[in-house]
Amino acid sequence: MTMAASVFLGYQRSDGSVGVRNHVLVIPTVICAAVVAERIAASIAPVGAALPHLAGCGQIGPDLNVTHETLAAYARHPNVGAVLVVALGCEQVVAQHLADTARQSGRPAQIVSIQGEGGTVRATARGIDIARELAASIGRVERTSIAAASLVLCVKCGGSDYTSGLASNPVVGRVADTLVDLGGAVVLGEIAEIMGAEHLLAARASSPAAGAHLLRVVNRVEAEAMALGLDIRGTQPSPGNIRGGLTTIEEKSLGATHKAGERTRLEDVVAYAAPITKRGLTVMDTPGLDVESVTGMVGGGAQVVVFTTGLGTPTGNPIAPVIKVTGNARTAQTMADNIDVDVSGVLTDAESFEAASARLLAEVLAVSSGRETAAERLGHREFAIHRRNPTI
Amino acid sequence: MTAAIVISAEDNVATALEPIERGQTIQTGGATVTAAEAIPRGHKIALRAIAVGDRVIKYGSPIGTASQAIVAGAHVHTHNVASGRGRGDLAAESATQTARIAEPPE
């Protein structure tokens with residue numbers, strides 16, 4: 001491993017974290033403020049990023065906590081340089097809490113209230129003024145050379161087919177192994193897609209507690225599905241997965257967990273969007289729906305996402321670059337717009353797993369240094385907070 | 001390029017990398033098997049006979065159990081393999097309790 005292969009150009013933050021992007025994040029506290037937030041962010045594109053979401057009111061208990069904590073996690077995310085909170089004025093999510101979270105992490109933060117400013121037009125105009133000032137204030141921050149050990153890499157798969165478990169996920173797994181060897185961190189989510197492979201991850205736990213925690217979380221998700229009295233085969237595997245040759249959730253999971261590497265030790269199991277504090281492998285308790293899952297893992301602190309897809313899928317994120325990797329040569333051609341890295345050569349022996357994973361790691365570091373991903377070029381900024389309870 | 005790939009020595013299925021025709025003989029992972037029916041690309045072919053209730057093995061781990069007798073060379077998919085996980089529809093029969101490998105602690 002040469003030096004050139006283990007460093008990137010990132011943003012060193014005053015709180016010690018390292019960003020790979022430098023966004024002004026415009027956070028609506030509640031769905032009612034989402035349109036104003038999106039218009040403000042668009043006025044300073046591409047620096048501006050909005051987090052339109054469906055929650056922020058009509059929530060109680062754990063469901064409200066998840067919304068609050070997810071938005072707060074984005075307010076202090078390494079890829080965010082400054083924060084503008086757009087409030088309605090009568091909602092449950094507390095704008096001041098989000099602004100305080102950003103400021104306590106060393107980021108400038110302001111609040112605009114739609115009711116306080118007197119309507120959509122005034123609030124949007126005031127927000128655009130503030131957003132421009134924030135963008136100017138963080139525009140002077142420059143990238144510096146950073147060790148790859150500072151990366152938290154989110155590994156994700158979606159639109160899986162037979163090539164995911166045979167090609168793209170094992171290539172990503174080798175990148176995960178190398179990154180952890182360098183001192184970095186990897187996060188794997190989607191508990192339902194660990195079901196059937198949990199014994200392999202638990203056997204690699206660095207402590208009995210971490211392994212037991214994983215088995216309890218998988219058991220809880222399975223029990224939730226069982227309690228509905230339904231067969232999860234309606235969604236796991238999905239109809240597209242089944243057409244693609246995946247027969248059972250066990251088969252899907254065994255292929256999916258290859259993304260987390262072969263040598264990485266399971267260090268920790270954390271709640272949705274909770275901070276990832278350990279180097280090595282962390283499993284996050286997220287649902288299997290792609291956007292909710294990526295939203296949670298980026299909230300936990302992942303700066304960059306590697307997302308494998310056999311069938312092809314466009315998902316991005318508002319603040320983290322999402323690198324699309326496919327092992328399906330046909331998808332690489334038919335969905336070329338959406339694909340960043342084609343590793344289908346490993347199935348035809350045209351490329352070794354070692355060469356493909358070295359190429360992917362180089363891409364991760366280049367994207368971390370500022371190279372645009374397909375999802376960023378196409379404006380894919382999907383964001384969805386996991387809901388635990390019905391809206392009241 | 002081989003027509004089908006076997007991942008682990010314990011596997012009793014291979015994954016077709018190209019469509020396999022009925023009657024086509026393939027060699028993979030040390031086994032030779034003749035397709036009993038057409039196998040679509042990405043789908044699985046049985047490397048040997050699998051009895052009802054026996055485990056179907058891929059990646060060296062069980063991916064389900066045979067719900068019908070599977071002959072060598074047969075297409076192995078949802079019509080003849082049952083998952084044991086998350087089966088709320090079979091909860092009364094405790095399907096998952098027999099299929100789970102690692103039990104969570106109390």
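Tutor: Before we start, a term: buried means under 20% relative accessible area. Keep in mind that this is a predicted model.

Student: Okay, so are K44(B) and E251(A) buried or exposed?
Tutor: These two form a salt bridge, with their closest N and O atoms 2.9 Å apart. The pair crosses between chains, going from strand β5 (residues 44-46) of chain B to helix α10 of chain A. As for accessibility, K44(B) and E251(A) are both buried.

Student: How much area do chain A and chain B bury between them?
Tutor: The size of an interface is often given as the accessible area lost when the parts come together. Here the contact takes 36 residues from chain A and 36 residues from chain B. Carbon and sulfur atoms account for 61% of the buried area, and the total is about 3000 Å².

Student: And which three residues supply more than any others of the area chain A buries against chain B?
Tutor: Together the trio supplies 18% of the area that chain A buries there. The names are Y162(A), M226(A) and T247(A).

Student: Which helix gives the most to the side of chain A that touches chain B?
Tutor: The rule finds 13 residue pairs in polar contact across the interface. On the chain A side, α6 (162-181), α7 (198-203), α8 (208-227), α9 (239-243) and α10 (249-256) each supply at least two residues. With 7 residues, the one that gives the most is α8(A).

Student: Let's go inside chain A. Which side chain of opposite charge is nearest to D161(A)?
Tutor: D161(A) sits in the loop between β8 (152-157) and α6 of chain A. The D161(A) side chain makes a polar contact with the side chain of T163(A) at 2.5 Å. D161(A) is buried yet has no salt bridge, and the nearest opposite charge, 6.3 Å away, is on R330(A).

Student: How far apart in sequence are the parts that R174(A) and E354(A) tie together?
Tutor: The two form a salt bridge whose closest N and O atoms are 3.9 Å apart. R174(A) lies in helix α6 and E354(A) in helix α13 (residues 353-368) of chain A, so the pair ties together parts separated by 180 residues.

Student: Does the other end of that bridge count as buried, partly exposed or exposed? I mean E354(A).
Tutor: R174(A) counts as partly exposed because its relative accessibility is 30%. For E354(A) the relative accessibility is 51%, and the cut-off for exposed is over 50%. So E354(A) counts as exposed.

Student: What is the relative accessible area of D177(A)?
Tutor: The side chains of D177(A) and R263(A) meet in a salt bridge at 4.0 Å, N to O. D177(A) lies in helix α6 and R263(A) in the loop between α10 and β10 (266-270) of chain A, so parts 86 residues apart in sequence are tied together. D177(A) is buried, and its relative accessible area is 4%.

Student: Last one, over in chain B: what is the separation between the C-alpha atoms of P19(B) and G42(B)?
Tutor: P19(B) lies in the loop between β2 (13-16) and β3 (25-28) of chain B. P19(B) counts as partly exposed because its relative accessibility is 48%. G42(B) is 23 residues away along the chain, and the C-alpha separation is 8.0 Å.

Key:
Residues numbered from 1 in each chain as written. Chains lettered and ligands numbered in written order. Predicted model: local features only at pLDDT ≥ 70, side-chain atom pairs only at ≥ 80, totals over all residues. Heavy atoms only, no water. Contact = heavy atoms within 4.5 Å. Buried area = accessible area lost by both parts, 1.4 Å probe. Polar contact = N/O pair within 3.5 Å; in protein donor to acceptor, adjacent residues only side chain to side chain. Helix = DSSP H or I, 4+ residues; strand = E, 2+ residues; numbered from the N terminus. Buried < 20%, exposed > 50% of the residue type's maximum accessible area, 1.4 Å probe, protein only. Lys, Arg positive; Asp, Glu negative; His and termini not counted.
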